[in-house]
Amino acid sequence: MGEIPSSIDDTIALLNGQNYVCGRDLGTVAFLALRLGKPLFLEGEAGVGKTEIAKALAAALGRRLIRLQCYEGLDAASAIYEWNFSAQMIAIRTAEATGGADRAALQSELFSEDFLIRRPLLEAMEPHAEGPPVLLIDEIDRTDEPFEAFLLEALSDFQVTIPELGPIRAPEPPIVVLTSNRTREVHDALKRRCLYHWVDYPNFTREMEILRARVPEATDALSAEIVAFVQSLRGADLFKTPGVAESIDWARCLIALDTVALSPDVISDTLGGLLKYQDDITRIAGAEATRLLDEAKARLATAG
(Lines give C-alpha, C1' and ligand atoms only; values in the text may rest on other atoms or scores of the structure.)
Protein backbone atom coordinates (compact mmCIF):
# COMPACT_ATOMS: atom_id res chain seq x y z
CA MET A 1 0.00 0.00 0.00
CA GLY A 2 1.41 3.39 -0.99
CA GLU A 3 1.96 5.94 1.75
CA ILE A 4 0.27 9.33 1.72
CA PRO A 5 2.89 11.85 0.50
CA SER A 6 4.48 14.00 3.19
CA SER A 7 4.81 17.24 1.21
CA ILE A 8 3.47 19.19 -1.76
CA ASP A 9 6.58 18.35 -3.79
CA ASP A 10 6.13 14.65 -3.02
CA THR A 11 2.50 14.86 -4.15
CA ILE A 12 3.46 16.50 -7.43
CA ALA A 13 6.19 13.88 -7.95
CA LEU A 14 3.68 11.12 -7.13
CA LEU A 15 1.32 12.40 -9.82
CA ASN A 16 4.17 12.95 -12.28
CA GLY A 17 5.06 9.30 -11.81
CA GLN A 18 1.68 8.46 -13.33
CA ASN A 19 2.22 10.92 -16.22
CA TYR A 20 -0.16 13.41 -14.61
CA VAL A 21 1.44 16.84 -14.93
CA CYS A 22 0.09 19.50 -12.60
CA GLY A 23 1.09 22.87 -11.23
CA ARG A 24 1.88 23.69 -7.63
CA ASP A 25 -1.62 25.05 -6.99
CA LEU A 26 -3.32 21.73 -7.83
CA GLY A 27 -0.50 19.79 -6.16
CA THR A 28 -1.05 21.80 -2.97
CA VAL A 29 -4.80 21.20 -2.75
CA ALA A 30 -4.33 17.49 -3.59
CA PHE A 31 -1.72 17.18 -0.81
CA LEU A 32 -4.01 18.90 1.69
CA ALA A 33 -6.97 16.69 0.73
CA LEU A 34 -4.86 13.58 1.29
CA ARG A 35 -3.27 14.88 4.49
CA LEU A 36 -6.47 16.17 6.08
CA GLY A 37 -8.74 13.40 4.83
CA LYS A 38 -11.11 15.88 3.17
CA PRO A 39 -12.93 15.37 -0.14
CA LEU A 40 -11.37 17.15 -3.12
CA PHE A 41 -13.84 19.06 -5.29
CA LEU A 42 -12.51 19.77 -8.79
CA GLU A 43 -14.44 22.04 -11.11
CA GLY A 44 -13.61 23.08 -14.67
CA GLU A 45 -14.36 22.55 -18.34
CA ALA A 46 -14.62 19.04 -19.71
CA GLY A 47 -11.31 17.47 -20.71
CA VAL A 48 -8.96 19.43 -18.45
CA GLY A 49 -7.88 16.44 -16.35
CA LYS A 50 -10.28 16.37 -13.39
CA THR A 51 -11.14 12.68 -13.68
CA GLU A 52 -7.55 11.74 -14.47
CA ILE A 53 -6.24 12.98 -11.12
CA ALA A 54 -8.39 10.40 -9.30
CA LYS A 55 -7.04 7.66 -11.57
CA ALA A 56 -3.48 8.87 -11.03
CA LEU A 57 -3.88 8.97 -7.24
CA ALA A 58 -5.33 5.46 -7.14
CA ALA A 59 -2.54 4.04 -9.30
CA ALA A 60 0.22 5.88 -7.43
CA LEU A 61 -1.04 4.88 -3.98
CA GLY A 62 -1.88 1.32 -4.98
CA ARG A 63 -5.53 1.81 -4.02
CA ARG A 64 -8.65 0.61 -5.74
CA LEU A 65 -10.46 3.22 -7.85
CA ILE A 66 -14.24 3.18 -7.35
CA ARG A 67 -16.15 5.40 -9.75
CA LEU A 68 -19.67 6.72 -9.31
CA GLN A 69 -20.69 8.18 -12.66
CA CYS A 70 -23.43 10.71 -11.97
CA TYR A 71 -26.45 11.27 -14.21
CA GLU A 72 -29.80 13.00 -14.07
CA GLY A 73 -32.20 11.06 -11.86
CA LEU A 74 -29.50 9.24 -9.87
CA ASP A 75 -30.87 8.45 -6.41
CA ALA A 76 -29.29 7.36 -3.15
CA ALA A 77 -30.34 3.71 -3.41
CA SER A 78 -28.86 3.34 -6.90
CA ALA A 79 -25.57 4.75 -5.66
CA ILE A 80 -25.43 2.46 -2.61
CA TYR A 81 -26.91 -0.96 -3.38
CA GLU A 82 -29.66 -3.03 -4.93
CA TRP A 83 -30.99 -6.51 -4.25
CA ASN A 84 -30.38 -9.32 -6.71
CA PHE A 85 -34.03 -9.95 -7.52
CA SER A 86 -33.32 -12.76 -10.00
CA ALA A 87 -31.35 -14.72 -7.40
CA GLN A 88 -34.00 -13.99 -4.78
CA MET A 89 -36.75 -15.36 -7.03
CA ILE A 90 -34.75 -18.54 -7.68
CA ALA A 91 -34.26 -18.98 -3.92
CA ILE A 92 -37.99 -18.51 -3.29
CA ARG A 93 -38.97 -21.05 -5.95
CA THR A 94 -36.39 -23.51 -4.68
CA ALA A 95 -37.74 -23.15 -1.13
CA GLU A 96 -41.32 -23.63 -2.36
CA ALA A 97 -40.39 -26.70 -4.38
CA THR A 98 -38.48 -28.38 -1.56
CA GLY A 99 -40.70 -27.26 1.31
CA GLY A 100 -37.69 -25.51 2.82
CA ALA A 101 -37.31 -22.79 5.46
CA ASP A 102 -40.27 -21.07 7.07
CA ARG A 103 -41.36 -17.63 5.92
CA ALA A 104 -39.37 -15.62 8.52
CA ALA A 105 -36.18 -17.59 7.94
CA LEU A 106 -36.56 -17.30 4.16
CA GLN A 107 -37.09 -13.55 4.35
CA SER A 108 -34.01 -13.18 6.55
CA GLU A 109 -31.96 -15.18 4.05
CA LEU A 110 -33.26 -13.26 1.03
CA PHE A 111 -32.18 -9.94 2.51
CA SER A 112 -28.71 -11.02 3.56
CA GLU A 113 -25.37 -10.01 2.07
CA ASP A 114 -25.48 -13.09 -0.19
CA PHE A 115 -28.11 -11.34 -2.32
CA LEU A 116 -26.71 -7.82 -2.05
CA ILE A 117 -25.32 -6.08 -5.14
CA ARG A 118 -22.87 -3.42 -3.99
CA ARG A 119 -22.86 -0.09 -5.79
CA PRO A 120 -19.99 2.45 -5.61
CA LEU A 121 -20.81 4.20 -2.33
CA LEU A 122 -21.24 0.95 -0.42
CA GLU A 123 -18.06 -0.48 -1.97
CA ALA A 124 -16.16 2.63 -0.89
CA MET A 125 -17.34 2.27 2.71
CA GLU A 126 -16.19 -1.33 3.06
CA PRO A 127 -12.67 -2.35 4.20
CA HIS A 128 -10.05 -3.02 1.51
CA ALA A 129 -6.84 -4.94 2.07
CA GLU A 130 -4.74 -2.36 0.22
CA GLY A 131 -6.20 0.53 2.23
CA PRO A 132 -9.06 3.01 1.76
CA PRO A 133 -10.00 3.26 -1.92
CA VAL A 134 -10.18 6.36 -4.09
CA LEU A 135 -13.87 7.20 -4.58
CA LEU A 136 -14.42 9.23 -7.74
CA ILE A 137 -17.82 10.94 -7.83
CA ASP A 138 -17.75 12.07 -11.44
CA GLU A 139 -19.81 14.95 -12.86
CA ILE A 140 -21.80 15.69 -9.70
CA ASP A 141 -23.39 18.63 -11.52
CA ARG A 142 -25.49 16.15 -13.55
CA THR A 143 -27.46 15.10 -10.45
CA ASP A 144 -30.15 17.05 -8.58
CA GLU A 145 -30.35 18.72 -5.16
CA PRO A 146 -31.85 15.76 -3.23
CA PHE A 147 -28.88 13.60 -4.22
CA GLU A 148 -26.49 16.38 -3.22
CA ALA A 149 -28.15 16.54 0.21
CA PHE A 150 -27.77 12.78 0.65
CA LEU A 151 -24.15 12.92 -0.48
CA LEU A 152 -23.41 15.71 1.98
CA GLU A 153 -24.59 13.48 4.83
CA ALA A 154 -22.76 10.42 3.50
CA LEU A 155 -19.47 12.32 3.18
CA SER A 156 -19.86 13.89 6.63
CA ASP A 157 -20.18 10.57 8.46
CA PHE A 158 -18.73 8.21 5.82
CA GLN A 159 -21.70 6.01 6.53
CA VAL A 160 -24.58 4.62 4.47
CA THR A 161 -27.70 2.79 5.59
CA ILE A 162 -29.40 -0.26 4.09
CA PRO A 163 -32.82 -0.63 5.74
CA GLU A 164 -32.65 -4.42 5.85
CA LEU A 165 -29.08 -4.52 7.20
CA GLY A 166 -28.68 -1.25 9.11
CA PRO A 167 -25.90 1.38 8.95
CA ILE A 168 -22.53 0.56 7.40
CA ARG A 169 -19.67 2.85 8.39
CA ALA A 170 -16.27 3.02 6.71
CA PRO A 171 -13.51 1.79 9.07
CA GLU A 172 -11.27 4.34 7.34
CA PRO A 173 -12.65 7.16 5.15
CA PRO A 174 -12.02 6.70 1.41
CA ILE A 175 -10.07 9.27 -0.56
CA VAL A 176 -12.88 11.22 -2.25
CA VAL A 177 -12.59 13.20 -5.49
CA LEU A 178 -15.67 14.99 -6.84
CA THR A 179 -15.72 16.56 -10.30
CA SER A 180 -18.06 19.05 -11.93
CA ASN A 181 -18.17 20.49 -15.45
CA ARG A 182 -20.25 23.36 -14.01
CA THR A 183 -23.29 22.73 -16.17
CA ARG A 184 -25.09 24.01 -13.06
CA GLU A 185 -24.00 25.35 -9.69
CA VAL A 186 -23.46 22.75 -6.99
CA HIS A 187 -24.87 23.70 -3.58
CA ASP A 188 -22.53 25.63 -1.30
CA ALA A 189 -23.10 23.18 1.57
CA LEU A 190 -21.48 20.37 -0.40
CA LYS A 191 -18.60 22.55 -1.57
CA ARG A 192 -17.93 23.68 2.01
CA ARG A 193 -17.42 20.05 2.99
CA CYS A 194 -14.58 19.81 0.46
CA LEU A 195 -11.32 21.43 -0.55
CA TYR A 196 -12.07 23.25 -3.81
CA HIS A 197 -9.96 23.82 -6.91
CA TRP A 198 -10.80 25.21 -10.33
CA VAL A 199 -8.90 23.22 -12.99
CA ASP A 200 -8.24 25.61 -15.85
CA TYR A 201 -6.81 25.04 -19.31
CA PRO A 202 -3.02 24.84 -18.97
CA ASN A 203 -0.67 27.47 -20.34
CA PHE A 204 1.63 26.67 -23.24
CA THR A 205 4.51 25.37 -21.11
CA ARG A 206 2.30 23.13 -19.00
CA GLU A 207 0.47 21.70 -22.00
CA MET A 208 3.80 20.93 -23.65
CA GLU A 209 4.83 19.03 -20.51
CA ILE A 210 1.57 17.09 -20.64
CA LEU A 211 2.06 16.12 -24.28
CA ARG A 212 5.65 15.04 -23.61
CA ALA A 213 4.40 12.82 -20.78
CA ARG A 214 1.35 11.38 -22.54
CA VAL A 215 2.52 11.31 -26.18
CA PRO A 216 6.31 10.92 -25.89
CA GLU A 217 6.63 9.73 -29.49
CA ALA A 218 5.70 13.21 -30.78
CA THR A 219 8.65 15.48 -31.55
CA ASP A 220 8.96 18.73 -29.64
CA ALA A 221 8.45 20.65 -32.90
CA LEU A 222 5.16 18.89 -33.68
CA SER A 223 4.00 19.11 -30.06
CA ALA A 224 4.69 22.85 -30.03
CA GLU A 225 2.61 23.33 -33.20
CA ILE A 226 -0.22 21.22 -31.76
CA VAL A 227 -0.29 23.17 -28.49
CA ALA A 228 -0.03 26.56 -30.18
CA PHE A 229 -2.83 25.69 -32.63
CA VAL A 230 -5.12 24.28 -29.92
CA GLN A 231 -4.55 27.31 -27.72
CA SER A 232 -5.42 29.60 -30.64
CA LEU A 233 -8.49 27.45 -31.25
CA ARG A 234 -9.64 27.95 -27.65
CA GLY A 235 -10.06 31.63 -28.43
CA ALA A 236 -12.50 30.89 -31.26
CA ASP A 237 -16.27 30.96 -30.90
CA LEU A 238 -16.96 27.23 -30.56
CA PHE A 239 -19.82 25.20 -29.13
CA LYS A 240 -17.31 22.94 -27.34
CA THR A 241 -13.78 24.16 -26.73
CA PRO A 242 -11.21 21.35 -26.95
CA GLY A 243 -9.62 20.35 -23.65
CA VAL A 244 -6.30 18.72 -22.87
CA ALA A 245 -7.84 15.30 -23.48
CA GLU A 246 -8.62 16.35 -27.06
CA SER A 247 -5.08 17.73 -27.53
CA ILE A 248 -3.71 14.32 -26.52
CA ASP A 249 -6.13 12.43 -28.78
CA TRP A 250 -5.32 14.71 -31.72
CA ALA A 251 -1.58 14.32 -31.18
CA ARG A 252 -1.98 10.54 -31.27
CA CYS A 253 -4.02 10.80 -34.48
CA LEU A 254 -1.29 12.90 -36.10
CA ILE A 255 1.43 10.47 -34.99
CA ALA A 256 -0.58 7.56 -36.43
CA LEU A 257 -0.56 9.42 -39.77
CA ASP A 258 3.22 9.98 -39.57
CA THR A 259 2.69 13.74 -39.49
CA VAL A 260 5.86 15.75 -38.94
CA ALA A 261 4.34 19.25 -39.16
CA LEU A 262 0.88 20.78 -39.27
CA SER A 263 -0.60 21.99 -42.54
CA PRO A 264 -4.09 23.26 -43.43
CA ASP A 265 -4.88 20.00 -45.24
CA VAL A 266 -3.75 17.80 -42.34
CA ILE A 267 -5.77 19.91 -39.90
CA SER A 268 -8.94 19.74 -42.01
CA ASP A 269 -8.56 15.97 -42.43
CA THR A 270 -8.14 15.31 -38.71
CA LEU A 271 -10.42 17.86 -37.04
CA GLY A 272 -12.67 15.01 -35.91
CA GLY A 273 -9.94 14.05 -33.44
CA LEU A 274 -10.03 17.52 -31.92
CA LEU A 275 -13.57 18.86 -32.30
CA LYS A 276 -16.70 16.84 -31.55
CA TYR A 277 -19.49 18.92 -33.12
CA GLN A 278 -20.10 19.28 -36.84
CA ASP A 279 -20.89 23.00 -36.55
CA ASP A 280 -17.50 23.57 -34.95
CA ILE A 281 -15.72 21.51 -37.61
CA THR A 282 -17.49 23.41 -40.38
CA ARG A 283 -16.58 26.74 -38.78
CA ILE A 284 -12.88 25.88 -38.44
CA ALA A 285 -12.17 23.82 -41.59
CA GLY A 286 -10.65 25.63 -44.56
CA ALA A 287 -9.68 29.31 -44.37
CA GLU A 288 -10.16 29.60 -40.59
CA ALA A 289 -7.85 26.63 -39.97
CA THR A 290 -5.22 28.28 -42.17
CA ARG A 291 -5.58 31.58 -40.30
CA LEU A 292 -5.28 29.91 -36.88
CA LEU A 293 -2.28 27.87 -38.01
CA ASP A 294 -0.53 30.99 -39.31
CA GLU A 295 -1.29 32.73 -36.00
CA ALA A 296 0.08 29.76 -34.04
CA LYS A 297 3.28 29.55 -36.09
CA ALA A 298 3.81 33.32 -35.77
CA ARG A 299 3.57 33.03 -31.98
CA LEU A 300 6.05 30.16 -31.97
CA ALA A 301 8.48 32.11 -34.16
CA THR A 302 8.24 35.13 -31.83
CA ALA A 303 8.70 32.95 -28.76
CA GLY A 304 11.66 31.18 -30.32
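1. Start with Glu 295, which pairs with Arg 299 in a salt bridge, the closest N and O atoms being 3.7 Å apart. The term here means a side-chain nitrogen of Lys or Arg within 4 Å of a carboxyl oxygen of Asp or Glu. Both residues sit in helix H15, four residues apart, so about one helical turn separates them. Helices here are DSSP runs (H or I, at least four residues), numbered from the N terminus.

2. A word on what you're looking at: this is a predicted model, where local features need pLDDT of at least 70, side-chain atom pairs count only at pLDDT 80 or more, and totals for chains, interfaces and linings use all residues. Residues are numbered from 1 along each chain as its sequence is written, and side-chain values use heavy atoms, with hydrogens and water left out.

3. How exposed is the Glu 295 and Arg 299 pair? Glu 295 is partly exposed, with a relative accessible area of 31%, and Arg 299 is partly exposed too, at 36%. For the cut-offs, buried means under 20% relative accessible area, exposed over 50%, and partly exposed in between (1.4 Å probe, protein chains only).

4. Glu 209 counts as partly exposed at 30% relative accessibility, and Arg 206 is partly exposed at 29%.

5. Arg 24 forms a salt bridge with Asp 9, with the closest N and O atoms 2.6 Å apart. Arg 24 lies in helix H2 (residues 24–36) and Asp 9 in helix H1 (residues 8–16), so the pair ties together parts that are 15 residues apart in sequence. Arg 24 is partly exposed at 47%, and so is Asp 9 at 48%.

6. Finally, have a look at helix H11 (residues 220–233). Its 14 residues reach 20 Å from first C-alpha to last, close to the 20 Å expected (that is, 1.5 Å times one less than the number of residues). H11 is mostly covered, with 11 of its 14 residues buried, among them Leu 222, Glu 225 and Phe 229. The cover over those buried residues includes helices H10 (204–214), H12 (244–256) and H15 (287–303).

Methods
Helices (H or I, at least four residues) and strands (E, at least two) are DSSP runs, numbered from the N terminus. Contact means heavy atoms within 4.5 Å.
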